[in-house]
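Here are a few notes to read with the structure open beside you. Take the points one at a time and find each residue as you go.

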Amino acid sequence: YIKVYEMNNFQFKNPTKILFGKDQIKNLANEIPANAKILMLFGGGSIKKNGIYTQVKEALSNFEVVEMGGIPPNPEYSILINALKIIKSENITFLLAVGGGSVIDGTKFISAAALYEGESPWNLVASQVPITKGMPFGSVLTLPATGSEMNSGAVITRREIKVKLPISGPGLFPVFSILDPQVVKSIPQKQIANGLADAFTHVLEQYVTYPVEALLQDRFAESILQTLVEVAPVILKNPSDYKAASNFMWSCTMALNGLIQKGVPSDWSIHAMGHELTALFNIDHARTLAIITKSHYTHNFDSKKEKLAQLAERVWNVKEGTLEEKAIAGINNIEKFFHSLGIKTKLSEYTQDFEGAAVTIANRFIERGMKGIGENKNVSPRDVAEIVTMSY
């Protein structure tokens, strides 16, 4: 008996309005309620060097704006909760994230926490219950990577207990997001590489599972992967190339706005393990994904070989060989792509402190009651330990 898979039932709603293109920040005021009092959230201050801060402030000249900077990469809970005091004391009614995925993720948590009536805002993260309401917020994207500008998910870090966990729910969609590809020219090359790798892995997690005859979704996913492979060398060589920057930015958004995952199984094991590496070793999120990917696909080769082979055929034009040989070529080409971005793919290339990491991560999954992850929920904590060990 062979099980025949077919496209899953789904519902799709994405309420985020996108303003894409040159100088769209000028339209910011039109998207915010006229009587709003705004808390503007941003990161380490790069927006003050690249002109975005000035553009945003000019666009909001008729609004009362309170600022909170200092949101770090891997948005930190102990910093984010400081915003709640500002919201209360200043009677804030609208949030504006000006930054990359970390600032937008942090703003999503603040949005939910602002309306939360429970004992501790951390429960929003720890409970893993979908979040249905939040204070309205918008975003001005300064770093393409996570897709957070057009989805309802976020990842929050709590460094004191070395934990990094996702939150999500229909209450966490931005009202709008402004995407001006001109910002890419001011992004450091390392962060551009991270953005390419992050978006690429987002697509892989929704694509490298098992076939369900979702022909259109497969081709949507493949087109994003092909575009990222095509524009990567161009944008790394010349971040001022507006055409490449436009395709890079929109690919990152499309990679995780919900469209390509409708009707198909999703994995997210690479992310689950990668988050733990970030929590333990403070390695950039995108680079933890690159560390885990090859080991994960190699360990779960039998259940993923059809889609890995299809990936090799359609993205890298691999025509020769058996199904298994093509699938191996798919894995190897993914790794080559990461290397072409200047991203190393072994944990030992980032830290020499990795002994015991695999067992620690597996035990964390056990403590959280996670019996299995992945599209089939059959990647057990023992498998996790083996995959992480393979990535050393």
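1. Let's settle one word before anything else: two residues are in contact when they have heavy atoms within 4.5 Å. Keep in mind, too, that this is a predicted model. Now, among the contacts in the chain with a separation of 6 or more, 77% are between residues 24 or more positions apart.

2. What about the overall build? The chain has 15 helices and 8 strands. Its C-alpha trace spans about 65 × 45 × 45 Å along the principal axes. The radius of gyration is 21 Å, which agrees with the value near 21 Å for a compact globule, given that the chain has 392 residues. Of those 392 residues, 57% count as buried.

3. Next, have a look at asparagine 14, which sits in the segment before strand 1 (17-20). Which backbone atoms lie by its side chain? One is the backbone nitrogen of threonine 16, 3.1 Å from a polar atom of the asparagine 14 side chain. Another is the backbone oxygen of methionine 150, which lies 2.9 Å from a polar atom of that side chain. If you set aside the neighbours within four places in sequence, asparagine 14 is in contact with Met150, Phe173 and Asn257.

4. Now for some backbone angles. Most residues other than glycine have a negative phi. Glutamine 128 has a positive phi of about 60°, although it is not a glycine. You'll find glutamine 128 in the loop between helix 6 (123-126) and strand 5 (137-141). Is glutamine 128 buried or partly exposed? With a relative accessible area of 43%, glutamine 128 is partly exposed, because that value falls between the 20% and 50% cut-offs.

5. Lysine 162 is another one to check: it is not a glycine, yet its phi is positive, at about 50°. This residue lies in the loop between strand 6 (153-158) and strand 7 (163-168). Lysine 162 has 42% relative accessibility and counts as partly exposed.

6. On to empty space. Rolling a probe the size of a water molecule over the atoms shows where such space is left. How many cavities of 30 Å³ or more does a search of the whole structure find? It finds 4. The largest cavity holds about 50 Å³ of space. Helix 7 (189-207) and helix 8 (215-237) are the elements that give two or more residues to the lining of the largest cavity, and helix 8 gives the largest share, 3 residues. The lining of the largest cavity includes Gln206, Tyr207, Gln217, Asp218 and Ala221. By type, the lining residues of this cavity divide into 7 nonpolar, 3 polar and 2 charged.

7. Last, the second largest pocket, with a volume of about 200 Å³. Among the residues lining the second largest pocket are Ala112, Leu115, Tyr116, Asn123, Leu124, Ser127, Val129 and Pro130. What is the split by type? The lining of the second largest pocket has 7 nonpolar, 3 polar and 2 charged residues. Glu117 and Lys133 are also part of this lining, so try picking out the charged ones, since Glu and Lys both count as charged.

Terms used. Residues numbered from 1 in each chain as written. Predicted model: local features only at pLDDT ≥ 70, side-chain atom pairs only at ≥ 80, totals over all residues. Heavy atoms only, no water. 1 Å grid on protein atoms, 1.4 Å probe; cavity = no way out; pocket = protein on both sides within 12 Å on 5 of 7 lines; lining within 4 Å. Points joined across faces, edges and corners; volume = space filled by probe spheres on them. Helix = DSSP H or I, 4+ residues; strand = E, 2+ residues; numbered from the N terminus. Polar contact = N/O pair within 3.5 Å; in protein donor to acceptor, adjacent residues only side chain to side chain. Rg over C-alpha atoms; globule rule 2.2 N^0.38 Å. Buried < 20%, exposed > 50% of the residue type's maximum accessible area, 1.4 Å probe, protein only.
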